[in-house]
Amino acid sequence: MKLTIDKIAYHRNGVAGEPFKAVIFKYDKKKMLAIRFDDGAPDSIGFSNPRCAVFDLDLLAQGVIEFGENSWRGDNFADELDKLLQEVTP
């Protein structure tokens, strides 16, 4: 998967909310937005579901947020995004 990061913003999500990173990136000629929370604790067999939401920015600009129309599998993007985030953030 070939991703290119355009912009990253860290959000602390209020005083007591869970922080996350907002990432604008390019994928397959599309501009995308990822919301990346830290992964939760592993389950009893050691699996930790990557907590990542991904949207097409052009569709968001049109107000399209419906499942099946602007829904992407964040788990498919999480590993590559994490690798790139480590390269560009301290």
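What follows is a set of questions on labels and the values behind them.

Reply: This is a predicted model, in which local features need pLDDT of at least 70, side-chain atom pairs count only at pLDDT 80 or more, and totals for chains, interfaces and linings use all residues. Residues are numbered from 1 along each chain as its sequence is written, and side-chain values use heavy atoms, with hydrogens and water left out.

Me: How many helices and strands are there, and what makes a stretch count as one?

Reply: The protein has two helices and four strands. Both are DSSP runs, numbered from the N terminus: helices are H or I with at least four residues, strands are E with at least two. From the N terminus, the order is β-β-β-β-α-α.

Me: Why is D56 called buried?

Reply: Buried means under 20% relative accessible area, exposed means over 50%, and partly exposed lies in between (1.4 Å probe, protein chains only). D56 has 6% relative accessibility, so D56 counts as buried. D56 sits in strand β4.

Me: What does D56 touch?

Reply: Contact means heavy atoms within 4.5 Å. Not counting residues up to four places away in sequence, D56 touches K30, K31, M32, N70 and W72. The D56 side chain also reaches the backbone nitrogen of D58, at 2.8 Å.

Me: Why is D28 called exposed?

Reply: D28 has 59% relative accessibility, so D28 counts as exposed. D28 is in the loop between β2 and β3.

Me: Is N13 buried, exposed or partly exposed?

Reply: The relative accessible area of N13 is 37%, so N13 is partly exposed. I8, in strand β1 (residues 3–11), has 28% and is therefore partly exposed. E66, in the loop between α1 (57–61) and α2, has 39%, so E66 is partly exposed.

Me: What makes a group of residues a nonpolar core, and which residues form the largest one?

Reply: A nonpolar core is a set of buried Ala, Val, Leu, Ile, Met, Phe, Trp, Tyr and Cys residues joined through side-chain atoms within 4.5 Å. The largest has 12 residues: L3, V23, F25, M32, A34, C52, V54, F77, A78, L81, L84 and L85. Two or more residues come from each of β2 (20–27), β3 (30–37), β4 (52–56) and α2 (74–88). The largest share, five residues, is from α2. L81 is in contact with L3, V23, F25, A34 and C52, leaving aside neighbours within four places in sequence. In soluble globular proteins, nonpolar side chains tend to be buried together.

Me: How much of the protein is buried?

Reply: Buried residues make up 24% of the 90 residues. Among contacts between residues at least 6 apart in sequence, 35% join residues at least 24 apart. The C-alpha atoms fill a box of roughly 40 × 30 × 30 Å along the principal axes.

Notes
Polar contact = N/O pair within 3.5 Å; in protein donor to acceptor, adjacent residues only side chain to side chain.
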